[in-house]
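The sequence and structure are shown first, and the description follows.

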Amino acid sequence: MLTAKEVRTCEFNMHRLFEEGYDTDEVDDVLDQCADTIEILYHLLCQSHDKIDELEQEIVNLKSKQRNVYSKHQAKKRRR
């Protein structure tokens, strides 16, 4: 997987064979934009994983509460 740091630090060889090449400032700008995007997406992914963990814990808590309510309901039924 490509990291933002790898994008920021990659280098291109200059080829002078045809007197044409890439404007290194433009390439650097595009790579910076790529790195920024990778960082943003990584942080969003981390936030999503954190939210999933929270929701999974909430499910566990709600299932526990559901079992308690069910147990209390069954106990009341037996007393009748």
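## Glu39 and the salt bridges of Arg8

Glu39 counts as partly exposed, at 33% relative accessibility; here buried means under 20% relative accessible area, exposed over 50%, and partly exposed in between (1.4 Å probe, protein chains only). The side chain of Glu39 meets that of Arg8 in a salt bridge (3.3 Å, N to O). This pair links distant parts of the chain, with Arg8 in helix H1 and Glu39 in helix H2, 31 residues apart. A salt bridge is defined as a side-chain nitrogen of Lys or Arg within 4 Å of a carboxyl oxygen of Asp or Glu. Helices (H or I, at least four residues) and strands (E, at least two) are DSSP runs, numbered from the N terminus.

The model is predicted: local features need pLDDT of at least 70, side-chain atom pairs count only at pLDDT 80 or more, and totals for chains, interfaces and linings use all residues. Residues are numbered from 1 along each chain as its sequence is written, and side-chain values use heavy atoms, with hydrogens and water left out.

Arg8 also forms a salt bridge with Asp32 (3.5 Å, N to O). Because Arg8 lies in helix H1 (residues 4-9) and Asp32 in helix H2, this pair ties together parts that are 24 residues apart in sequence. Arg8 is partly exposed at 35% relative accessibility, and Asp32 is likewise partly exposed, with a relative accessible area of 32%.

## Other salt bridges

A search of the whole structure finds four salt bridges. One of them joins Lys51 and Glu54, whose closest N and O atoms are 3.8 Å apart. Lys51 and Glu54 are three residues apart in helix H2, so about one helical turn separates them. Lys51 counts as partly exposed, at 45% relative accessibility.

## Charged surface patches

Patches are made of residues with over 30% relative accessible area and no salt bridge; like charges are joined within 9 Å, and nonpolar side chains (Val, Leu, Ile, Met, Phe, Trp, Tyr) within 5 Å. Lys and Arg count as positive and Asp and Glu as negative, while His and the chain ends are not counted. The place of a charge is taken as NZ of Lys, CZ of Arg, CG of Asp or CD of Glu.

A patch of negative charge on the surface gathers Asp23, Asp25, Glu26, Asp28 and Asp29. Asp25 belongs to helix H2 and is exposed, with a relative accessible area of 53%. A patch of positive charge consists of Lys72, Lys76, Lys77, Arg78, Arg79 and Arg80. Arg79 is part of helix H2 (residues 24-79) and counts as exposed at 67% relative accessibility.

## Nonpolar surface patch

Ile40, Leu41 and Leu44 make up a nonpolar patch on the surface, together having about 290 Å² of accessible area. Accessible areas come from the Shrake-Rupley method with a 1.4 Å probe; for residues, only the protein chains shown count as cover. Leu44 is located in helix H2 and is partly exposed, with a relative accessible area of 43%.

## Cysteines

Zero disulfides are found in a search of the whole structure, a disulfide being a pair of cysteine sulfur atoms within 2.5 Å. Cys10 is in no disulfide, and its nearest cysteine sulfur, that of Cys34, is 8.8 Å away. Cys10 is partly exposed, with a relative accessible area of 31%. Cys34 also counts as partly exposed, at 35% relative accessibility.
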